[in-house]
Amino acid sequence: MDTSAAEARRRAHRQLVAWRTPEETCENATLILSELVTNALRHTASEIVGCELRIDGPRLRVAVTGAGSGPERRVRRAGEDEEGGRGLLLVCALAQLWGVRPGKAGEGHIVWAELPLGPAHA
């Protein structure tokens, strides 16, 4: 299986379209998923990451599981000349809520974000 942010985006987009997710939520969810997968692959010992999409009432939950303790809940401000360091700032701006929790059996971590589905979801 391809372990990449691009593959995670493709699969998520396909599922969200099948669920008839509103376009804005679909775009924001795939962007958030891409950022979280990229962070898990770049900043942890994760060779493989898990991705989950779940509709929970009026919200869509996006979650990525990786190795290690995960990022701090605090968002870092990247310098003007830095190429990276804005991923969690973007997640914070697009999601209603987000956070980090320990993985199952205390191994690894799960970074999650919730977005509103909006009235267009049927």
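Here are some notes on the fold, helix by helix and strand by strand.

1. Ground rules. This is a predicted model, so to speak: local features need pLDDT of at least 70 and side-chain atom pairs count only at pLDDT 80 or more, while totals for chains, interfaces and linings use all residues. Numbering starts from 1 along each chain as its sequence is written, and side-chain values use heavy atoms, with hydrogens and water left out.

2. Layout. The chain has three helices and four strands, where helices (H or I, at least four residues) and strands (E, at least two) are DSSP runs numbered from the N terminus. Read from the N terminus on, the order is α-α-β-β-α-β-β.

3. Overall numbers. Of the 122 residues, 35% are buried; that means under 20% relative accessible area, with exposed over 50% and partly exposed in between (1.4 Å probe, protein chains only). The accessible surface of the chain is about 7,500 Å², and carbon and sulfur atoms hold 50% of that. Those areas come from the Shrake-Rupley method with a 1.4 Å probe, and for residues only the protein chains shown count as cover. Among contacts (heavy atoms within 4.5 Å) with a separation of 6 or more, 57% join residues 24 or more positions apart.

4. Helix α1, residues 5-18. The expected span is 1.5 Å times one less than the number of residues. Ala5, Glu7, Ala8, Ala12 and Leu16 are the buried residues here. They cover an arc of only 160° around the axis, so they sit on the same side of α1; the arc is taken from the directions from the helix axis to the C-beta atoms. On the face turned away from that buried side you'll find exposed Arg14 and Ala18.

5. What α1 packs on. The buried residues of α1 pack against α2 (23-43), β1 (50-56) and β2 (59-66). After the helix comes arginine 20, with a positive phi near 60°.

6. Helix α2. The 21 residues should span 30 Å, and the end C-alpha atoms agree at 30 Å apart. Its buried residues include Cys26, Ile32, Leu33, Leu36 and Val37. Their cover includes α1, β1, β2, α3 (87-94) and β4 (109-116).

7. Cysteines. Cysteine 26 is buried at 4% relative accessible area, whereas cysteine 51 is partly exposed at 42%. The disulfide count is zero, taking a disulfide as a pair of cysteine sulfur atoms within 2.5 Å.

8. Aspartate 56 has arginine 59 in β2 as its bridge partner. Two residues lie between the strands, and glycine 57 in this hairpin takes a positive phi near 65°.

9. β2 and its other neighbour. Strand β2 is mostly covered, with six of its eight residues buried. β2 and β4 also pair in the antiparallel sense, over eight bridges. Have a look at alanine 63, whose bridge partner in β4 is tryptophan 112.

10. Tryptophan 98. This residue is in strand β3 (residues 97-102) and counts as buried, at 4% relative accessibility. Tryptophan 98 and valine 111 are 13 residues apart in sequence, with their C-alpha atoms 7.4 Å apart in space.

Technical notes. Pairing = 2+ DSSP bridges.
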